[in-house]
Amino acid sequence: QLRTPLAGIKWSLDMLRKEERGALNAEQKDLMEKTFRTAEHMADLVNDLLDASRIEEGRFGYTFLTGDLTPLIQKIVDALKPTAEARNLHFTFEPAAAPLPAVSFDASKLELAVQNIVDNAIKYTMPQGSVTIKLRPEKSSLFLIVEDTGIGIPEKNKKFIFNKFFRGENAIRYQTEGSGLGLYIAKSIVEKHNGTITFESEENKGSVFMIQLP
Ligand code: ADP
């Protein structure tokens, strides 16, 4: 009941901004674009809140399949490439050189987790910076590494980064939009895969997020 009305609003706004119901002057077009983006932001927030409440109530159902993770990561990279390019970032994916060992994963849940991490790397990196995604097998694990040259995480914020609704002070200054739920959701998903999620970061230098899956 939260999603459906929002989807309806977005659908109407999208039609209007694309001038499918008549031409708009520059000012009207600009206003429609802004309103559409606000509605998109609202829909993202609602999705994050619904996911977080499902996680808490144990209603976030999982279906595990075993296979190669590369196509899933490639799909996320392809989907986020236009956003990264619009922000003038060097955006690269380095798949593993050798065939990857099969891992057990829920594709849609892991997609959400990885998307949140890559989204953050894009969102918190200044234009001309870089975001690099790597897949590396190591011993009995598979590592997904997301590196960026962005704003980094202040030392005193580090211990709160996976908390629900927490947003770093520099992150709030740099990007006013954000729910503070992305990493909370990502961590919960990775842990359901018996994996771990860790990071290293230096303020004003960049961050590296690592997802390890067994
Ligand atoms: P949101 O991005 O909506 O604020 P998240 O839960 O995804 O929420 O992230 C929580 C906080 O972690 C962010 O507000 C930011 O302070 C920090 N963070 C996450 N990823 C990065 C990154 N790649 N670079 C800098 N800070 C980050």
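1. A charge counts as sitting over a ring if NZ of Lys or CZ of Arg is within 6 Å of the ring centre and within 35 degrees of the ring normal. With that in hand, here are two cases to look up: Arg17 lies over the face of Phe36, at 3.8 Å from the ring centre, and the charged end of Lys164 sits over the ring of Tyr184, 6.0 Å from its centre.

2. A word on the ground rules. This is a predicted model, in which local features need pLDDT of at least 70 and side-chain atom pairs count only at pLDDT 80 or more, while totals for chains, interfaces and linings use all residues. Residues are numbered from 1 along each chain as its sequence is written, and side-chain values use heavy atoms, with hydrogens and water left out.

3. Now the aromatic rings. Rings of Phe, Tyr and Trp (its six-membered ring) pair if their centres lie within 6.5 Å; planes under 30 degrees apart count as stacked, over 60 as edge-to-face and the rest as tilted. Searching the whole structure gives five aromatic pairs. In one of them, Phe60 and Tyr62 are edge-to-face, because their planes stand at 85 degrees, with the ring centres 6.0 Å apart. Tyr62 also pairs with Phe64, and this pair is stacked, at 5.7 Å centre to centre and 10 degrees between the planes.

4. Phe60 and Tyr62 are both buried, whereas Phe64 is partly exposed at 35%.

5. Which residues come nearest to the ligand? They are Asn120, Tyr124, Arg167, Gly168 and Leu183, out of 21 residues around the ligand; a residue is near if one of its heavy atoms lies within 4 Å. By class, this shell has 10 nonpolar, eight polar and three charged residues. Here Ala, Val, Leu, Ile, Met, Phe, Trp, Tyr, Cys and Pro count as nonpolar, Asp, Glu, Lys and Arg as charged, and the others, Gly among them, as polar.

6. A side-chain N or O atom of Asn120 is 2.8 Å from a ligand oxygen. A backbone N or O atom of Ser179 lies 2.9 Å from an oxygen atom of the ligand, and a polar backbone atom of Gly180 is also 2.9 Å from a ligand oxygen. Taken alone the ligand exposes 530 Å², of which the protein buries 98% (Shrake-Rupley method, 1.4 Å probe).

7. Helix 4 (107-123), helix 6 (182-192) and strand 7 (206-213) each give two or more residues to the ligand shell. The largest share, three residues, comes from helix 4. Helices (H or I, at least four residues) and strands (E, at least two) are DSSP runs, numbered from the N terminus.

8. Finally, some backbone spots to check. Most residues other than glycine have a negative phi. Lys139 has a positive phi of about 45 degrees; it lies in the loop between strand 4 (130-138) and strand 5 (141-148) and is exposed, at 87% relative accessibility. Asn194 has a positive phi too, near 60 degrees. Asn194 is found in the loop between helix 6 and strand 6 (196-202), and is exposed at 63%.

Conventions. Buried < 20%, exposed > 50% of the residue type's maximum accessible area, 1.4 Å probe, protein only. Polar contact = N/O pair within 3.5 Å; in protein donor to acceptor, adjacent residues only side chain to side chain.
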